[in-house]
Amino acid sequence: MKLAKNTLKLFIVTMLCLLGLGCQPQAADEHHYALKNRSLETYQDQLLAIAFASATALPLDPHIKNRARAQETVVETCFKLDQNLRAYRYIQQIPNWRAGVGHAKIASILAQSGAPTEIVEPYLTEALMVAHKADDWRKDRIKVKVAQVQNQLGLQEASSILLEEVTETAESSKMIQSEAQNCSSDEFETLMNTLGQQIGTGNFDLMSNALQAYVTLIDRFYDNPTQREQLVEALTTGWDTSPYTLRLELLEKMVQSALDHHDPVQAQQWTDEALAMTQNSQWPLRYLIPIKARLAKLCVKAGDIEQAQQQIQAGLDQFEREKQKIIDIDRAGLLRSLAEAMQSTGDSNEALELYRRTVEAGVENPNSRPRAMDLSATCCSMAISQVKPDEALWQRIHEIHDGLGDPW
């Protein structure tokens, strides 16, 4: 009976909002349950403010997609820094479907924190309001994320009803993640069979979602050697035809799982496997340099600082040798990835110098669109990496932000 009442309540609240009759989440109150901002260093707070202001400076016409994407990056940064109330306020300003994803994320965070259903539901409702105005896979992506939160809340009936509206298999198959997160020992073999079937389809999206679910299960059943071995074998067999970038992402998560379970030996083995995959690679620099940066951060996690430094230096050397071949709007992103990796090694001084170069690389193109997006991304990166700009860099950041304008 309680489930039915909750389902009916969510339906009624959704319809009221769609009719414009209210349901503003209570999160405007800074003391609202669980939706708060963790205390930050002043410079981090300022970096986030400039990042969002730079993203929002992009004119809606014709840059609505780029503006929303850049704003979403700032919101994701807020989540990583436990700035949930700030994230909510920023989400309110995103002009397209990405706002719906943000509201669903807020709801998920609240649900994970143990907030009661009546606190979480208004954010789900806002997400569904955005979905109502979206189209194609964008609408489905929001609905799947809402359905995942409903599962977290124990509203399986509401989740099933919503999923019936989802037409994109690439999106609906992401629900397998929820099953993996909640999988019990009794359900393990059944879920393994389902994942094997998804891998067997040969469909890239289904396979990718299944591989992600394997990694989730590795973490969930890490302390059971038999099940972990079974999962690793299924994963490494299933990813044979997957892109290296996906395999690297999966290995990064596996290394983190090993460390979380106090298994540094296994973390190092998976790190070595990731490094081996790059041997004799022929990727363009716009892919290779960020990969080397990611490998460097992975090596740091595994405790191999020397290997991390070698990866960073190799990336820098390649950047210097072939800089003129790199499109100017790509240069800041490459340097930014190396700056993040450098900070992860503990060399804050060198990281600051790399960020200084990153800021300058971001204005090599005369148009404000790439300038705004690079400045926003760099400020987010510095906030997360905890790199404090010195006085000269602060001045330069403000100069670039204040100079944004035509031509876009």
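Which helix holds asparagine 209? Select residues 204-220 and you have the answer, helix H12. Helices here are DSSP runs of H or I with at least four residues, numbered from the N terminus.

Before going on, a word on what is on your screen. This is a predicted model, in which local features need pLDDT of at least 70 and side-chain atom pairs count only at pLDDT 80 or more, while totals for chains, interfaces and linings use all residues. Residues are numbered from 1 along each chain as its sequence is written, and side-chain values use heavy atoms, with hydrogens and water left out.

**Stop 1: asparagine 209**

Asparagine 209 counts as buried because its relative accessibility is 11%; buried means under 20% relative accessible area, with a 1.4 Å probe and protein chains only. Now show its contacts (heavy atoms within 4.5 Å). Beyond residues up to four places away in sequence, asparagine 209 touches Ala170, Ser173, Lys174, Ile176, Gln177 and Gln198.

**Stop 2: serine 54**

Next, jump to helix H2, residues 42-56, and pick out serine 54. Serine 54 is buried too, at a relative accessible area of 0%. Setting aside neighbours within four places in sequence, you will find serine 54 in contact with Ala372, Leu375, Ser376, His401 and Leu404. Click on alanine 372 and draw a C-alpha to C-alpha distance back to asparagine 209: the two are 33 Å apart in space and 163 residues apart in sequence.

**Stop 3: helices H17 and H18**

Colour H17 (residues 305-322) and H18 (residues 328-344). Their axes, lines fitted to C-alpha atoms over the stretch in contact, are 10 Å apart and meet at an angle of about 160°. That makes H17 roughly antiparallel to H18, a label for angles over 145 degrees on a scale from 0 to 180 between N-to-C directions.

Where do the two touch? Ile312, Gly315, Leu316 and Phe319 of H17 meet Arg331, Leu334, Leu335, Leu338, Ala341 and Met342 of H18. This set divides into eight nonpolar residues, one polar and one charged.

**Stop 4: along H18**

Keep H18 selected. Its 17 residues reach 26 Å from the first C-alpha to the last, close to the 24 Å expected at 1.5 Å a residue, where the expected span is 1.5 Å times one less than the number of residues. Buried residues in H18 include Ala332, Arg336, Ser337, Ala339 and Gln343. The buried residues of H18 pack against H17 and helices H16 (285-302), H19 (348-361) and H20 (368-385). End the tour at glycine 346, which follows H18 and has a positive phi, near 95°.

Conventions:
Helices (H or I, at least four residues) and strands (E, at least two) are DSSP runs, numbered from the N terminus. Angles under 35 degrees count as roughly parallel, over 145 as roughly antiparallel, 65 to 115 as roughly perpendicular and the rest as oblique. Ala, Val, Leu, Ile, Met, Phe, Trp, Tyr, Cys and Pro count as nonpolar, Asp, Glu, Lys and Arg as charged, and the others, Gly among them, as polar. Buried means under 20% relative accessible area, exposed over 50%, partly exposed in between (1.4 Å probe, protein chains only).
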